Amino acid sequence: MNDSLTYVLALIGAAFGIGLIVLLNIAMGWTRLRLNTEQQAQSFLRRDVMGFQAGDEQALTADRCGYICLEADQARVGLVMARGDNAVVRALRAGELRSVEAQGATLTLTLYDYTLPRVVLDLGRDGQAQSWADRLQTFVRAPRRASRKEVHHAESA
Amino acid sequence: MPNLPDPILWAIPGFILLVIAEMIYGRLTGKTRFEPRDTAASLVMGLGNTVSGLVLGGIVVACFVFVEQFALLDIGWAWYWFVIAFVLDDFVYYWSHRWAHTVRWWWADHVVHHSSQHYNLSTALRQPWLNPLTLKFIFLGSWLVLIGFPPAMIAFVAAFNLIYQFWIHTEAIKRLPAPIEWLMNTPSHHRVHHATNPRYLDRNYAGVFIIWDRLFGTFEPETDAEEIRYGIVRNLGTHNPLTICLHEWWGIIKDVRSARSLRDALGYWLGPPGWSPDGSRDTSATLKARWMEEQGLTPPRKPDAQPPVAAE
């Protein structure tokens with residue numbers, strides 16, 4: 001048997017082995033994290049972001065997988081997203097949001113974050129998503145001003 | 001030259017059996033945690049590391065063969081040279097690992113290993129794919145070849161170093177007898193290394209012998225008073241292996257492109273992770289200093305601060 005074939009077979013065998021271990025992990029069970037209370041979500045924020053104090057403006061998602069709040073001094077937006085049996089946390093300053101959209105009860109945040117580019121929060125009530133979208137506009141980075149070269153190009157077009 | 005086997009290939013079945021055993025033990029006792037997507041990501045990163053080793057490993061071999069021409073000594077294959085090589089390799093590993101945490105270019109590679117929010121045996125296998133491209137081996141690995149240790153001997157002992165480090169990635173073992181905890185890297189010491197609690201940041205870089213950390217002032221014992229938070233300061237929002245592999249490289253590219261001067265570009269590339277020209281981001285040092293301030297402790301003295309000199 002040539003070396004390439006050996007490597008390909010080893011690769012297939014390894015991928016199969018990984019699949020079996022993951023299936024075993026699923027079969028044995030694990031506990032999915034749910035954010036049942038605001039206090040629980042805030043504990044993740046305190047754990048991950050030193051000095052973060054959540055203010056009164058906060059919301060848990062209907063599926064208990066997400067949490068959003070404004071910091072007490074309104075300087076940052078706190079986000080907690082349940083991921084598997086743990087949570088991923090972000091504290092966003094002004095300019096760290098690319099866009100905010102409200103559609104029905106769903107609030108969609110687009111972030112300048114390579115590993116967490118989009119956060120979708122189902123807040124349960126229509127008005128709540130729009131109200132958050134309005135509040136978060138101050139955290140959206142203002143569109144870049146066109147450069148002189150771009151202005152010149154547009155004028156000459 | 002003896003025909004040395006690859007110890008890692010022989011160890012792989014043992015790795016798999018131990019991961020399964022720890023998973024079952026964790027389920028029965030609740031002492032360790034596994035999550036399927038995290039486990040999958042770790043194992044895929046491990047497999048990718050093996051494949052990339054085959055593809056890119058030639059760069060390292062070519063470098064070592066080149067450096068070997070200038071070797072200062074002709075070290076043979078007596079057994080005691082293997083022992084000496086093992087200890088020296090571990091010493092080089094300590095510094096290599098320390099710089100992998102303090103130079104962003106090398107952190108971009110090593111962050112992969114720290115990117116899991118879990119700490120179990122599968123985390124040990126979560127390894128980067130682009131390691132040879134960091135060229136770290138030129139600055140660090142080449143020293144032993146230059147002294148005169150045969151590259152095959154170094155590869156052999158380095159493999160045992162990595163095998164040793166596998167079993168310490170567990171929460172199932174609390175503490176070992178005191179003499180072992182004093183001399184060797186253990187699960188307790190390495191949990192500290194994987195923690196992002198400010199008190200633990202950038203501590204316990206050892207591979208096999210924890211004495212290097214004790215000698216060079218980077219040792220921190222584990223305390224039962226504080227629950228460990230695993231992962232990285234800003235945890236990843238994905239289990240996608242490609243994103244895990246590339247995220248910090250991408251961050252460096254974006255930052256260097258936005259740099260306003262050569263100094264800033266070099267800082268983003270070779271400065272500590274979290275460095276920024278205006279200090280608006282957090283490095284391990286700033287996080288630790290802020291934490292110490294919050295705790296009412298004195299922050300560590302800056303390296304450039306000189307002790308007061310007595311008047312003559």
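Trainee: Hi! Where in chain B is B:Thr238 placed?

Mentor: B:Thr238 belongs to the loop between α11 (211-216) and α12 (241-258) of chain B. Helices here are DSSP runs of H or I with at least four residues, strands are runs of E with at least two, and both are numbered from the N terminus. Before we go on, this is a predicted model, where local features need pLDDT of at least 70, side-chain atom pairs count only at pLDDT 80 or more, totals for chains, interfaces and linings use all residues, and side-chain values use heavy atoms, with hydrogens and water left out. Residues are numbered from 1 along each chain as its sequence is written, while chains are lettered from A and ligands numbered from 1 in the order in which they are written.

Trainee: Got it. Is B:Thr238 buried or exposed?

Mentor: B:Thr238 has 17% relative accessibility, which means that it counts as buried. The cut-offs, with a 1.4 Å probe and protein chains only, are under 20% relative accessible area for buried, over 50% for exposed, and partly exposed in between.

Trainee: And what does B:Thr238 touch?

Mentor: Not counting residues up to four places away in sequence, B:Thr238 touches A:Arg83 and A:Thr115 as well as B:Thr243 and B:Ile244. A contact means heavy atoms within 4.5 Å.

Trainee: Let's stay in chain B. How do α3 and α4 cross?

Mentor: Helix α3(B), residues 79-102, and helix α4(B), residues 104-114, have axes that come within 6 Å and cross at roughly 100°. The two helices are therefore roughly perpendicular to each other. That label covers 65 to 115 degrees; under 35 is roughly parallel, over 145 roughly antiparallel, and the rest oblique. Axes are lines fitted to C-alpha atoms, for helices over the stretch in contact, and angles run from 0 to 180 degrees between N-to-C directions.

Trainee: Which residues make the contact between α3(B) and α4(B)?

Mentor: From α3(B) come B:His97, B:Trp99, B:Ala100, B:His101 and B:Thr102, and from α4(B) come B:Arg104, B:Trp106, B:Trp107, B:His110 and B:His114.

Trainee: What about the domains of chain B?

Mentor: Chain B has domain 1 (7-216) and domain 2 (243-294), with bounds from an automatic or database domain assignment. Their C-alpha centres are separated by 25 Å, and 23 residues of domain 1 are in contact with 20 residues of domain 2.

Trainee: Switching to chain A: how many helices and strands are there?

Mentor: Chain A has four helices and seven strands. From the N terminus on, the order is α-α-β-β-β-β-β-β-β-α-α. Of the 157 residues of chain A, 40% count as buried.

Trainee: In what order do the strands of the four-stranded sheet in chain A run?

Mentor: The open sheet has the order β1-β2-β3-β4, with antiparallel pairing. At its edges are β1 (54-60) and β4 (86-92), each of which pairs on one side only. Neighbouring strands are turned by 20° against each other on average, direction ignored. Two strands pair if DSSP finds at least two bridges between them.

Trainee: Which helices pack on that sheet?

Mentor: Helix α2(A), residues 38-48, lies across β1, β2, β3 (77-83) and β4, at about 70° to β4(A). Helix α3(A), residues 126-136, packs on the sheet too, touching β1, β2 and β3, and its direction makes about 40° with that of β2(A).

Trainee: How do β3(A) and β4(A) pair?

Mentor: They are antiparallel over seven bridges, and A:Val77 stands opposite A:Leu92. The two strands form a hairpin with two residues between them, and A:Gly84 in the turn has a positive phi of about 65°.

Trainee: Which residues of β4(A) are on each side?

Mentor: One side has A:Asn86, A:Val88, A:Arg90 and A:Leu92, the other A:Ala87, A:Val89 and A:Ala91, and all are buried. In a regular strand the side chains alternate between the two faces of the sheet.

Trainee: And how are the faces of β7(A) covered or uncovered?

Mentor: In β7(A), residues 118-122, A:Val119 and A:Leu121 are on the covered face, and A:Arg118, A:Val120 and A:Asp122 on the uncovered one. β7(A) pairs with β6(A), residues 106-111, in the antiparallel sense over five bridges, and a hairpin of six residues joins β6(A) to β7(A).

Trainee: Last one! What does A:Gly78 contact?

Mentor: Leaving aside neighbours within four places in sequence, A:Gly78 contacts A:Leu45, A:Phe52, A:Tyr67, A:Ile68, A:Cys69 and A:Arg90. A:Gly78 lies in strand β3(A) and is buried, with a relative accessible area of 0%.
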